[in-house]
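Open the model in your viewer and keep the selection panel at hand. We will go stop by stop.

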Amino acid sequence: MDRLEDDFVFINYEDAIEVQTAKSGHLGKISDFIDAIAKELWEVNKTIHDNPELGYEEFIAHETLTKFMSSRGGWEVTPSAYGLATAWVAVFDSGKKGPVVSFNVEMDALEGIGHACGHNLIATASVAGGLAVAEVLKQGELGGKVVLFGTPAEEGGGGKIKLLEAGAYRDYKVDINLLSHPGITKNHALMRTSAYTAFKVEYIGREAHAAANPWLGINALDALITAYNAISVLRQQTMPGDVIQGNITDGGVRPNIIHAYTAGNFVVRADTQARVLELKKKVDACFEAGAGATGATLKMSFVQSYADHVPNRLLANRYRQHFNQLSPPDLIPDNPEVDEIEGRTLASTDQGNISYAMPSLNVGFSIPAGPGGAGPHNPGFAEAAGTKLAFENCLRVGKAMAAVAVDILGDLDLLEEVKREWKRDIQQNSV
């Protein structure tokens with residue numbers, strides 16, 4: 001109880017906590033709804049987690065999610081959408097004019113280590129959020145639509161890019177897009193990711209006996225090793241945020257044969273797409289040096305590029321407010337600058353391309369680390385992503401994302417402000 005003493009008001013600790021964690025307005029209804037369907041969501045989450053599938057092969061996840069969404073009243077579900085076997089779209093239309101909010105639903109796993117990036121949790125958070133928004137729309141006070149996009153192959157396959165190019169988001173006149181990602185970092189509303197480009201490198205040389213007459217050969221392995229070492233030297237002169245990665249996939253046939261063919265996969269990352277292009281020119285020079293030093297023929301083939309993710313700060317502000325009202329173990333910092341610093345990652349995602357097409361939010365949330373402190377892309381993190389605690393954390397994220405979407409549905413002025421900020425950010429980031 002409060003009491004007045006010498007012109008000061010004293011508030012009991014319990015009262016302060018109650019005020020801080022009270023869920024106001026639509027957030028309370030959203031939270032109650034998601035809690036009510038948590039058991040069903042757990043079964044969906046567990047099915048996806050326990051049956052990891054590679055990009056464009058997410059057939060179990062596709063069937064599980066489309067079947068589940070079809071069982072929910074009022075949803076129109078399109079399986080195998082836009083020519084992609086495992087992509088899908090689910091739409092709930094209020095029947096009244098209004099904004100269109102959307103969630104992306106990731107499904108793919110990593111080869112050999114399962115859901116070590118927690119895409120089962122990403123899918124569950126988005127589905128929970130979308131269903132909660134639909135539940136609010138059913139009350140009839142707001143107009144608009146909510147759309148769920150089943151997006152395959154985030155792990156290097158660029159499923160969202162294929163859907164963008166096919167016109168999926170344009171066809172549904174999407175205004176904003178929401179997504180989340182688990183990690184062993186803190187909770188945050190502002191996530192910036194790196195731009196990246198992936199490519200394959202091949203050297204073609206000429207065989208010869210490596211002992212009897214090596215001078216007759218052209219050593220493709222020497223070319224690749226020379227380039228690899230040149231890249232190692234280049235790293236000393238790169239900028240913070242620059243990352244160059246690679247692995248050798250073909251290193252020759254036998255030690256006693258001059259290697260006539262070698263190949264590898266390489267990735268260049270940087271803070272922005274413009275910086276990636278600048279850094280890529282320097283990396284290309286390293287591969288050209290390998291060819292020049294050995295006489296091998298160089299062949300480089302483009303594989304995939306992802307844009308950096310540009311988060312919308314206005315959407316992030318709303319998310320931060322809602323998330324912190326849901327009594328998380330760790331609050332998101334009220335200071336957006338601190339939040340953005342903590343949310344910066346050198347990893348890349350095709351959600352970055354979404355952020356250049358429309359206002360986007362890709363929030364980060366904490367789950368317990370795997371054995372030995374394992375984070376994403378480690379088998380231990382796949383184990384952590386399958387726990388009940390990680391599931392509960394992703395539901396909290398789904399609630400906060402749903403509340404952001406409802407904010408947009410109920411405030412056209414806010415939506416216009418979000419779009420104006422998005423245009424400014426993209427213009428500044430493209431310089």
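A nonpolar core here is a set of buried Ala, Val, Leu, Ile, Met, Phe, Trp, Tyr and Cys residues joined through side-chain atoms within 4.5 Å. Keep in mind that this is a predicted model.

Start with the largest nonpolar core, which has 72 residues. Select Leu41, Met69, Trp75, Val133 and Tyr319: these have the most contacts inside it. Now colour helix α14, residues 388-409. This helix gives the most to the core, with 14 residues.

Next, select Phe199, Tyr203, Ala227 and Cys286. They are included in a second, separate core of 19 residues.

Go back to Trp75. What does Trp75 touch, leaving aside residues up to four places away in sequence? Its contacts are Met69, Ala90, Val91, Phe92, Gly130, Leu131, Ala134, Val146 and Leu148.

Switch to cartoon view for the sheet. Six strands make up an open sheet, ordered β3-β4-β6-β5-β7-β12, with mixed pairing. Look at the edges: β3 (75-78) and β12 (360-366) each have a single partner strand, so one side of each lacks a neighbour in the sheet. On average, neighbouring strands are turned by 20° against each other, direction ignored.

Zoom in on β4 (residues 88-93) and β6 (residues 145-151). The two strands run antiparallel and are joined by six bridges. Pick Ala90: its bridge partner in β6 is Leu148.

Finish with the helices on the sheet. Select α5, residues 119-137: it lies across β3, β4, β5, β6, β7 and β12, at about 155° to β5. Then return to α14, which lies across β5, β6, β7 and β12 and runs at about 155° to β12.

Terms used:
Residues numbered from 1 in each chain as written. Predicted model: local features only at pLDDT ≥ 70, side-chain atom pairs only at ≥ 80, totals over all residues. Heavy atoms only, no water. Buried < 20%, exposed > 50% of the residue type's maximum accessible area, 1.4 Å probe, protein only. Helix = DSSP H or I, 4+ residues; strand = E, 2+ residues; numbered from the N terminus. Contact = heavy atoms within 4.5 Å. Pairing = 2+ DSSP bridges. Axes fitted to C-alpha atoms, helices over the stretch in contact; angles between N-to-C directions.
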